[in-house]
Amino acid sequence: MRTVTIKSEKEIERMREAGKRLARVHEKLKESIRPGVSTKEIDRVCEELIRGCGCTPNFLHYQGYPASVCVSVNDEVVHGIPSVDRFLKEGDIVSLDTGLIYQGYHADAARTYGVGKISPEAEKLIEVTKESFFQGIEEATAGRYLYDISNAIADYVIPYGYGIVHDLVGHGIGRNLHEPPEIPNFPQRRRGLKLRAGMTLAIEPMINIGTGEVEWMDDDWTVVTADHSLSAHYENTVLITDGRPEILTLL
Ligand code: MF3
Ligand code: CO
């Protein structure tokens, strides 16, 4: 599929319901974060929560991905694979990225949390990453342009001296987890496509304390910062309207 889809009112209703269910999954899932928990246990809880609300995990088996949630710790940017012998510890930061399918429609969202008490630097990174999403969606209105979102995110993040990940981007979402368009989080010279009501987008800044450069680990999934500095991720599925955007994956 190459073209950006405009969802009908009926599809939007399903997207809203998918988003609401995913928001509840995230609210519950965050209770599983504590020092000593294995990342595999977080995946077990996540899958149970998704299936328990009548939905299907969309990450599981996606291009061979083996879990329902990506659990990315500290210098891991995204796509960390849950493991029975990886344990969270006090002071870590952890991003939980998960999604589900409800009646054929996908929702996708990520949050980054501290495990117990974390450093002020880590706290700041998490806060700025989250706020950059909200700055981005200030531009997300029908009639504006896709890269207005990218530039708003970048303009907010850059003064902090953080590195913006270029190798991974946000995306359209709907009947598929990943649909066009790609949504970069770094500055763009062009304006990109015109936003229209009924577009549904997963906007997901990935921000590092140090360089924006990333590497892939030997498992071919886990993305880590090239300089091993901390990384944070914040994502919601958003509906474009003629007015303010609707954040589908927040309650
Ligand atoms: N939220 C992730 C993304 O948009 C989806 C991860 S796909 C998986 O890139 F296979 F890793 F689960
Ligand atoms: Co996504």
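Rings of Phe, Tyr and Trp (its six-membered ring) pair if their centres lie within 6.5 Å; planes under 30 degrees apart count as stacked, over 60 as edge-to-face and the rest as tilted. By that rule, ring pairs link F133, F134 and Y234 into a cluster. This is a predicted model, in which local features need pLDDT of at least 70, side-chain atom pairs count only at pLDDT 80 or more, and totals for chains, interfaces and linings use all residues. Residues are numbered from 1 along each chain as its sequence is written, chains are lettered from A and ligands numbered from 1 in the order in which they are written, and side-chain values use heavy atoms, with hydrogens and water left out.

**Aromatic pairs**
- The whole structure holds six aromatic pairs.
- F133 and Y234 form an edge-to-face pair, because their ring centres are 5.4 Å apart and their planes stand at 70°.
- F133 sits in helix 3 (residues 120–137) and Y234 in the loop between strand 13 (231–233) and strand 14 (236–239), so this pair ties together parts that are 101 residues apart in sequence. Helices (H or I, at least four residues) and strands (E, at least two) are DSSP runs, numbered from the N terminus.
- Both F133 and Y234 are buried. Buried means under 20% relative accessible area, exposed over 50%, and partly exposed in between (1.4 Å probe, protein chains only).
- Y160 and Y162 are stacked, because their ring centres lie 5.9 Å apart with planes at 15°.
- Y160 is partly exposed at 35% relative accessible area, whereas Y162 is buried at 13%.

**Cobalt site**
- D108 (OD), H171 (NE2), E204 (OE) and E235 (OE) coordinate the cobalt ion (ligand 2) at 2.1 to 2.3 Å.
- Donors are N, O and S atoms within 2.8 Å of the metal (3.2 Å for Na, K and Ca); water is not among the atoms, so sites may look incomplete.
- The donor residues are spaced D-x62-H-x32-E-x30-E in sequence.
- D108 is in strand 5 (residues 105–114) and H171 in strand 7 (residues 170–172), so the pair ties together parts 63 residues apart in sequence.
- D108 is buried at 2% relative accessibility, and H171 is buried at 5%.

**Nonpolar cores**
- A nonpolar core is a set of buried Ala, Val, Leu, Ile, Met, Phe, Trp, Tyr and Cys residues joined through side-chain atoms within 4.5 Å.
- The largest has 29 residues, and L146, I149, V157, L195, L201 and I203 have the most contacts inside it.
- Helix 3, helix 4 (146–157) and strand 9 (200–203) each give two or more residues to this core. Helix 4 gives the most, with seven residues.
- A second, separate core of 23 residues includes V37, I42, L96 and V115.
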